[in-house]
Amino acid sequence: LPSKLPAVGTTIFTVMSKLAADTGALNLSQGFPNFNTDARLLDLVDKAMRQGHNQYAPMPGVPVLREAIARKTSEVYGVDYHPDFEVTVTTGATEAIFAAITTVVRPGDEVIIFEPAYDSYVPAIELNGGTPVYVTMTPPDYAPDWTQVREKITDRTRLVIVNTPQNPTGRVWTADDLTQLADLVRDRDIYLVADEVYEHIVFDGRAYHSLMSHPTLQERTFICGSFGKTFHTTGWKIGYCLAPKELTAEFRKIHQFVTFSVMTPMQVALAEYLQEPEHYLSLSAFYQRKRDLFAEILAASRFRFKLAEGTFFQTVSYAAITDEPDYDLAIRLTHEIGVASIPVSVFYHNLDDYRILRFCFAKDDEMLLRAGERLIKL
Ligand code: PMP
Ligand code: GLN
């Protein structure tokens, strides 16, 4: 069978998590917590299942969850999305992103993405016949280069994909970034996908600017969110897409034939849990403490890094330790010192000489301390 994705192999997350499991290494590679979600949320799922919420959910999502998402969005960002026409529950942000890209991109379209970029964007663009156009962000700041973006926009540019807070760099877009983007897309036929799965993990009191908070951006944006990161439930794969009515109508045509609907009892439970804002409002402080703990340990190492502004990832340069390519080093460290990480070069389309690793600090303190002890010896 001729491959539709000839350049694609198995994702780095699967490769590294399997290697960590096979070797018994501490797994700081794939982004997921090693601790359980809140017992109250589990009780709500149990209650929903026993109440009989075990059959197909409505295609766009259970009404109480769409209402809870709309209410929370209005409270946090002051932007109103109509639960019936502008909120769709999806199988993780992954499905929301895939469906949004599929809604917009046609053969011949160009899509701007910022590298290093999360790995699901490019395959989705290519399966729809689009061409990814790369804007490079460079360490340690990883700020979008607006001159580069301006140069890369053409008559064929149809979509720009934004990820803030950004995986893997931890960068959080500023108000100026949003203004620059708005100026570029204002008079053009360009749509936006905003991957905001880490919206509630922003550090040092920094303001978070969702793309929905800028009207010029909001009217053309598919906001993709996820409960996986926010409520420590990455395995539930429940996310959502917020978009203006006309965009949502087209988005739902795709969603209904990708998954049709998403598991019902989790939606019912999340609807109730979302009414309690402390669960998501406390998340930044929770992860900032972990970021600082990990950074404090690594301060004694030869790794060099700028503190992540958001997400639960810390990227580090190891240029002072070895010349090895990052992929080789990530594999070697897993085998030799029992710490698994992600080589950041995999998030670029054409980089092989790169010396940056990504560590996930969504781990209990004990695991962070044990990993740190091994890393400072390098
Ligand atoms: N976007 C980014 C930037 C991510 O890091 C992830 C991984 N959690 C996703 C999307 C996918 O989210 P989900 O697990 O909800 O599909
Ligand atoms: N988002 C997670 C990460 O960046 C991985 C999700 C996945 O394995 N697809 O590590």
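Domain bounds come from an automatic or database domain assignment. The model is predicted: local features need pLDDT of at least 70 and side-chain atom pairs pLDDT 80 or more, while totals for chains, interfaces and linings use all residues. Residues are numbered from 1 along each chain as its sequence is written, with chains lettered from A and ligands numbered from 1 in the order in which they are written.

**View 1. Domain 1 and domain 2 of the chain.** Domain 1 covers 12-30 + 282-375, and domain 2 covers 41-276. Their centres, taken over C-alpha atoms, are separated by 26 Å. To the contact (C-beta atoms, placed from the backbone, within 7 Å), domain 1 contributes 24 residues and domain 2 contributes 22.

**View 2. The side of domain 1 that touches domain 2.** Helix α13, β9 (313-317) and β12 (356-360) each supply at least two residues here; helices (H or I, at least four residues) and strands (E, at least two) are DSSP runs, numbered from the N terminus. The most come from α13, with 5 residues. This side has 12 nonpolar, 8 polar and 4 charged residues, where Ala, Val, Leu, Ile, Met, Phe, Trp, Tyr, Cys and Pro count as nonpolar, Asp, Glu, Lys and Arg as charged, and the others, Gly among them, as polar.

**View 3. Packing of α13 (residues 283-298) and α15 (residues 365-375).** The helices pack at an angle of about 20 degrees with axes 9 Å apart; axes are lines fitted to C-alpha atoms over the stretch in contact, and angles run from 0 to 180 degrees between N-to-C directions. Therefore α13 is roughly parallel to α15 (an angle under 35 degrees). Lys290, Leu293, Phe294, Ile297 and Leu298 of α13 meet Asp365, Leu368, Leu369, Gly372 and Leu375 of α15. By class, this contact has 7 nonpolar, 1 polar and 2 charged residues.

Technical notes. Angles under 35 degrees count as roughly parallel, over 145 as roughly antiparallel, 65 to 115 as roughly perpendicular and the rest as oblique. Two residues are in contact if their C-beta atoms, placed from the backbone, lie within 7 Å.
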